[in-house]
Amino acid sequence: MSATALHDLAHGVTSADSLESLWMPFTPNRVFKRAPRLLASAKDMHYTTVDGRQILDAAAGLWCVNAGHGRAPIVEAIRTAAGELDYAPSFQMGHPLAFEFAARLADKMPGDLDHVFFANSGSEAVDTALKIALAYHQARGDVRRTRLVGRSRGYHGVGFGGISVGGIDNNRKQFPALLPAVSHLPDTHDPARNAFSRGQPAHGADRADALEALVREYGDTIAAVIVEPVAASTGVLVPPVGYLERLRAICDKHGILLIFDEVITGFGRLGAPFAAEYFGILPDIMAVAKGLTNGSIPMGAAIVRHGVYEGVLNGTSSGIEFFHGYTYSGHPLAAAAGMAALDVYEQEGLLTRAASLSEYWADAVHSLRGLPHVIDLRNLGLMAGIELEPRPDAPATRAYDVFTDCFAQGVMMRTTGDTVALSPPLIAERHHIDQMFATLGRALRRVA
Ligand SMILES: Cc1ncc(COP(=O)(O)O)c(C=O)c1O
């Protein structure tokens, strides 16, 4: 890039040349670079664009900035950590912050989820969780348990493990060779019976019974089932009443490990610290990321129940028990950011704050009923999915147009397919919620 192009980019002037080198993830690069949206700074509920516009963040960045942006204690903790210990190897060596953070997390977790394996993203947390599940059965001599079960429309990141158990077709179609022993449960979406449900839909607990059918087909070869308690990235699919309970019961009956992918639902999104607590169901392994550091430094983790940790460790009498890990597992800056994020969450009551706003939120979401093209509204905690009727022959374009209209009006949301998704920082006030839904209402009326 030329010096002029770099200067222009830094000052909010963009040209095709200044944007060309970056290959953007999950983005139509050519379209974006013709009309870019560039963010320069952020504080609390707002971003500021490179050309100085204030944008209300209705997406917590990418479902991750749960305590809002630029929180001073987190910034300070990262600065201090960077000045003290830039890096420490994570294999056969350690540093106190990683142990301290793991202990604090273990303390916060429900039940006996008391051992923490650090990764650097949600995708890595998921792959770690899947590998732990396989290693657990191998260590116990249950060597036939090698099959992993995911769910249609599930999103578990972009590693090969995650896309194998994931169920979003677009994320798999360019990669024909995935993990071999994988099956999928049906998703829980049932618009014919459940459209416009407020909170958990009434119908569909029996979709968990597909796991019984898989057990009949594959016998005792199933190692683990992984689900998002609320399937977020696919368009906010809230689990039907009784569904997760049934999944847990079937797993227990057949010796299958249950993995909750709480990369989005973890750290207060539903009004309880974790979805496991919100629904009162304890998984054997939980994957977390995003809110773990308030989005400030990349970090993920697989957190396991006591017996899972013991099971893997007891599989060998000496030496390395689990052949897995990352150069940056438990990185000092991430551990410092995570502990500071926990402090902020605790001091401000953010891990349960969504509960006090969720009725107001639900009213706002369902006030959109009857607006043009709205075919379903879904909500739980501080999450919402507004599903629009797809345009004939142009799926996903209507929601995208609503998203760009809202952004032009000063509110950032997300879209996935023809669903607009909202998940604001948990510090949101009622007037922010009013602004989000007023903006969305105007956009829905405008977009054909
Ligand atoms: C449920 C879930 N799992 C895993 C991931 C992957 O996380 P990352 O993008 O940090 O790899 C995401 C990301 O949105 C997610 O929503």
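1. Let's start with H15 and helix H17 (residues 430-446): their axes cross at roughly 15 degrees and come within 10 Å of each other. (Axes are lines fitted to C-alpha atoms, for helices over the stretch in contact, with angles from 0 to 180 degrees between N-to-C directions.) H15 is therefore roughly parallel to H17; the label covers angles under 35 degrees, while over 145 is roughly antiparallel, 65 to 115 roughly perpendicular and the rest oblique. H15 passes H17 in a right-handed crossing, where right-handed has the near helix turned clockwise from the far one by less than a right angle, and left-handed anticlockwise.

2. Before going on, two caveats. This is a predicted model, in which local features need pLDDT of at least 70 and side-chain atom pairs count only at pLDDT 80 or more, while totals for chains, interfaces and linings use all residues. Residues are numbered from 1 along each chain as its sequence is written.

3. Who touches whom between H15 and H17? On the H15 side you'll find Tyr360, Trp361 and Ala364, which meet Arg430, Ile433 and Phe437 of H17. (Contact means C-beta atoms, placed from the backbone, within 7 Å.) That contact has 5 nonpolar residues, 1 charged and no polar. Here Ala, Val, Leu, Ile, Met, Phe, Trp, Tyr, Cys and Pro are nonpolar, Asp, Glu, Lys and Arg charged, and the others, Gly among them, polar.

4. H15 (residues 350-366) also lies across S11 and S12, running at about 175 degrees to S11. Those two strands belong to an open sheet of 4 strands, ordered S11-S12-S15-S14 with antiparallel pairing. Pairing needs at least two DSSP bridges between two strands. Strand S11 (374-380) and strand S14 (414-416) are at the edges with a single partner strand each, so one side of each has no neighbour in the sheet. From one strand to the next, the twist averages 20 degrees.

5. Inside that sheet, have a look at strand S12 (residues 383-388) and strand S15 (residues 419-422): they run antiparallel and are joined by 4 bridges.

6. S1 pairs with strand S2 (residues 46-49) in the antiparallel sense, over 4 bridges, and Leu39 sits opposite Thr49 in S2.

7. Next, helix H5 (residues 72-84) and helix H14 (residues 332-347). Their axes come within 8 Å and cross at roughly 155 degrees, which means H5 is roughly antiparallel to H14. This crossing is right-handed. H5 brings Pro73, Ile74, Ala77, Ile78, Thr80, Ala81 and Ala82 to the contact, and the residues they meet in H14 include Leu333, Ala336, Ala340 and Val344. By class, the contact of H5 with H14 counts 14 nonpolar, 1 polar and 1 charged residues.

8. Helix H7 (residues 122-139) packs on helix H13 (residues 306-313) at an angle of about 60 degrees, with the axes 8 Å apart. H7 and H13 are therefore oblique to each other, and their crossing is left-handed. Ile132, Ala135, Tyr136 and Ala139 of H7 make the contact with Val308, Gly311 and Val312 of H13. The tally for this one is 6 nonpolar, 1 polar and no charged residues.

9. Finally, the whole protein: it has 17 helices and 15 strands. These are DSSP runs, numbered from the N terminus: helices are H or I, at least four residues, and strands E, at least two. The radius of gyration is 22 Å, close to the 22 Å from the globule rule for 448 residues, so the protein is as compact as a globular protein of that length. (That's over C-alpha atoms; the rule is 2.2 Å times the number of residues to the power 0.38.) The C-alpha trace spans about 60 × 55 × 45 Å along its principal axes.

Notes
Contact = placed C-beta atoms within 7 Å.
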